[in-house]
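I am opening a notebook on this structure. The entries below record what I looked up, starting with charged side chains and ending with a sheet.

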Amino acid sequence: MASHSDTLVVFFGATAGANGGKLGSDEREIILLVWQIVDLHEKKVGKLHKCYVKPDSLELTDQCKEETGLTVEDIIKAEPLDKVLQQFQQSVSSEVKSLGRSSFTLLVNSPLVIRQVLHPEASKKNLVLPECFFSFVDLRKEFHKCCPNAGPVQKQTLASMLEYVGLPAASEQLIGVKEVRSMVQLTLCILAEPYSHKFSCVETVNYKFDSGACCKTEPVDSETVIRARGLPWQSSDQDIARFFKGLNIAKGGVALCLNAQGRRNGEALVRFINSEHRDLALERHKHHMGCRYIEVYKATGEEFLKIAGGTSNEVAQFLSKENQVIIRMRGLPFTATSQEVLSFLGPESPVTDGAEGLLFVKYPDGRPTGDAFVLFSCEEYVQNALKKHKQILGKRYIELFRSTAAEVQQVLNRYMSTPLISTLPASPIVPVPVLATQPFLPAATSTRDCVRLRGLPYTAGIEDILEFMGEHTVDIKPHGVHMVLNQQGRPSGDAFIQMKSADRAFMVAQKCHKKTMKDRYVEVFQCSTEEMSIVLMGGTLNRSGLSPPPCKLPCLSPPTAYAAFPTPPAILSEAALYQSPLLAAPRPPQTTVASPAHTLAYYPPQPHLYMNMNMNYTAYYPSPPVSPSTVGYFAAPPGAVAAAVAAPPHPAAASSVLSQPGALVRMQGLPYNTGVKDILSFFQGYQLQPDAVVILYNFSGQCSGEALITFPSEDIARRAVAERSNHPFYGQQVHLVLCH
């Protein structure tokens with residue numbers, strides 16, 4: 001029997017788009033349901049039912065019309081899905097009862113109609129499916145158990161299974177009716193002698209996603225993991241589970257990815273219970289969550305463990321409580337206590353187990369980060385807590401978000417691996433002559449002879465852009481196509497193109513604006529080389545105007561600079577200077593002009609250097625977003641970039657705070673709007689000059705909350721640390737550390 005059911009309901013569905021093996025892959029709505037009951041005891045069949053469903057969008061694809069023979073007129077007077085499902089439930093229950101039976105199970109020829117059509121559509125329309133749609137029997141798998149020599153399950157079709165047992169195909173021509181009659185015929189055949197098959201492999205659909213913790217030592221099959229990209233930043237694990245509704249996600253199998261600042265970056269890794277569900281998830285590539293389409297790609301178990309795995313006993317104990325909802329608090333005062341947080345949340349949102357339901361995130365040395373995670377026992381308490389979003393605790397507003405067990409692990413792993421002072425391995429610094437003219441570096445002018453392409457598909461390459469430009473390709477300057485990458489080195493969806501004149505750029509912007517590339521329309525704007533250069537160096541260009549790139553802001557040179565200066569000078573060839581990862585294609589050799597009066601310190605790109613640097617939130621020398629076809633921009637300290645671009649009257653642009661005499665003090669816990677004047681006022685009377693203060697910035701060009709101050713002597717530095725450590729900085733407690 002099918003999980004002790006008395007009857008089987010042979011079930012079939014068709015959509016307004018692709019059907020058959022691609023059913024549900026195009027997000028089209030269901031338009032037809034056909035079913036018939038089979039009595040397992042008496043081996044009898046009931047009446048065949050056929051019901052049209054009215055979709056929200058009354059549009060059928062040509063493929064659907066050809067395969068089903070249906071037209072809009074056939075479905076325009078039908079009932080919507082919720083009414084049809086009610087009719088189905090009532091009809092089947094009544095017929096089962098009339099047969100004297102008590103239960104039934106759905107029988108389908110493929111799980112697609114249940115997992116890829118009914119559950120996703122019901123989720124989007126906020127419909128509650130009857131319980132019978134959460135379990136079913138797959139006829140192909142049952143037939144494989146009954147006749148293992150018939151071939152693999154994936155290759156089985158109704159026609160091949162009927163042929164194997166010697167049955168003729170159904171003579172019906174109507175879509176749905178033919179399939180159901182064939183399934184009923186095959187079912188009765190394998191129930192009878194000589195097969196006497198018992199239906200027992202009942203598949204289930206999870207009612208809800210179960211959160212949980214994942215250990216780094218836990219084996220994770222790479223054939224069960226996908227990466228979802230393009231998620232709204234406020235998405236929770238439950239939102240992602242809803243997007244994959246109908247597929248069974250492993251417990252704790254949603255890991256939201258964070259960027260270098262600890263914020264969600266719109267990506268998630270999802271682990272399913274087996275490879276079959278993973279393969280079905282890949283079919284939802286570019287399906288929609290709200291108004292955004294989500295990209296779905298294969299990922300590995302190693303990637304999943306890197307994000308979701310953890311080894312901390314404190315975290316394991318915190319997450320050991322079952323059926324809890326997690327909230328993340330961000331921006332807490334560093335002096336905040338458990339009792340203050342509980343009072344902030346109030347009695348209307350009690351925390352599970354009081355103070356034990358709070359987990360404060362700290363650096364390895366025990367300093368608070370301003371983040372905390374909170375456990376609540378029910379959704380009502382969570383909703384009450386979220387109402388406190390951006391309310392004030394102490395003198396700071398607090399952000400509250402839904403969170404996940406994987407995010408707890410990821411945040412703790414990230415902060416616990418963040419060094420207090422960068423511990424990058426020593427890398428030799430080679431003094432190189434500044435190039436009088438950077439190869440292919442456009443002169444920053446206000447002439448609007450460039451165009452900006454925005455909204456490119458992430459898979460677009462230079463060849464796609466040239467095809468998109470069409471007849472205007474001949475007006476592009478040599479090496480004039482620049483793809484803009486994000487901080488992860490992936491395409492950002494933007495590109496800049498240098499045209500031969502401002503008139504040609506204007507013509508391109510007029511004729512190509514909102515043309516389609518692949519499945520996306522692309523915006524085309526006229527701009528200047530000055531605007532292009534700033535964006536390529538990591539700045540932003542929007543309606544508010546230009547924002548300078550992070551590398552134009554004061555930054556700390558690498559700590560290894562002390563040991564690196566004695567390195568004997570050497571001259572690098574261009575091939576050594578412009579490393580291969582930054583080149584899209586080989587470049588012809590360029591003539592360089594040496595200028596001994598102006599040298600810069602160049603840091604050769606090394607994989608281990610970037611790996612360690614990306615673990616730290618502070619950009620000691622950030623590698624800005626660059627174009628792979630623009631060799632004029634290379635991985636170097638901000639001071640070096642400034643020196644390379646600055647005119648001869650400004651040699652101080654390449655100087656580093658570490659090269660100044662005196663003692664260095666690290667200031668931590670600064671408000672994010674802190675300026676140099678604020679720090680000078682705080683240390684008034686300690687003989688500081690404005691150039692002795694360097695505020696550290698993250699990869700987004702924002703203050704990281706830390707600064708370095710060079711005092712005239714170590715005695716003055718020690719006195720400043722002793723006297724000012726307990727003084728509030730604009731109402732906020734800061735930490736002062738003397739760097740030896």
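I looked up Arg 278 and found that it counts as buried, at 2% relative accessibility; buried means under 20% relative accessible area, exposed over 50%, and partly exposed in between, with a 1.4 Å probe and protein chains only. Its side chain meets that of Asp 279 in a salt bridge, 3.1 Å from N to O. I took a salt bridge to be a side-chain nitrogen of Lys or Arg within 4 Å of a carboxyl oxygen of Asp or Glu. Asp 279 is partly exposed, at 38%.

A note on the source: this is a predicted model, where local features need pLDDT of at least 70 and side-chain atom pairs count only at pLDDT 80 or more, while totals for chains, interfaces and linings use all residues. Residues are numbered from 1 along each chain as its sequence is written, and side-chain values use heavy atoms, with hydrogens and water left out.

I then looked up the salt-bridge count, which is 33.

Next I checked Arg 140, which pairs with Asp 138 in a salt bridge with the closest N and O atoms 3.8 Å apart. Arg 140 is buried at 15%, and Asp 138 is buried at 1%.

Which residue does Glu 27 meet in a salt bridge? The partner is Lys 124, at 2.4 Å from N to O. The two lie 97 residues apart, Glu 27 in the loop between strand 1 (7–15) and strand 2 (30–39), and Lys 124 in helix 4 (residues 112–124). Helices (H or I, at least four residues) and strands (E, at least two) are DSSP runs, numbered from the N terminus. Glu 27 is partly exposed at 25%, as is Lys 124 at 49%.

Last, I turned to an open sheet of 5 strands, with the order 16-17-15-19-18 and antiparallel pairing. Two strands pair if DSSP finds at least two bridges between them. Strand 16 (358–362) and strand 18 (391–393) are the edge strands, each pairing on one side only. Strand 18 pairs with strand 19 (residues 396–403) over 3 bridges, in the antiparallel sense. I noted that Leu 393 has Arg 396, in strand 19, as its bridge partner.

Helix 13 (residues 379–386) packs on the sheet and touches strand 15, strand 17 and strand 19; contact means heavy atoms within 4.5 Å. The direction of helix 13 makes about 150 degrees with that of strand 19. Axes are lines fitted to C-alpha atoms, for helices over the stretch in contact, and angles run from 0 to 180 degrees between N-to-C directions.
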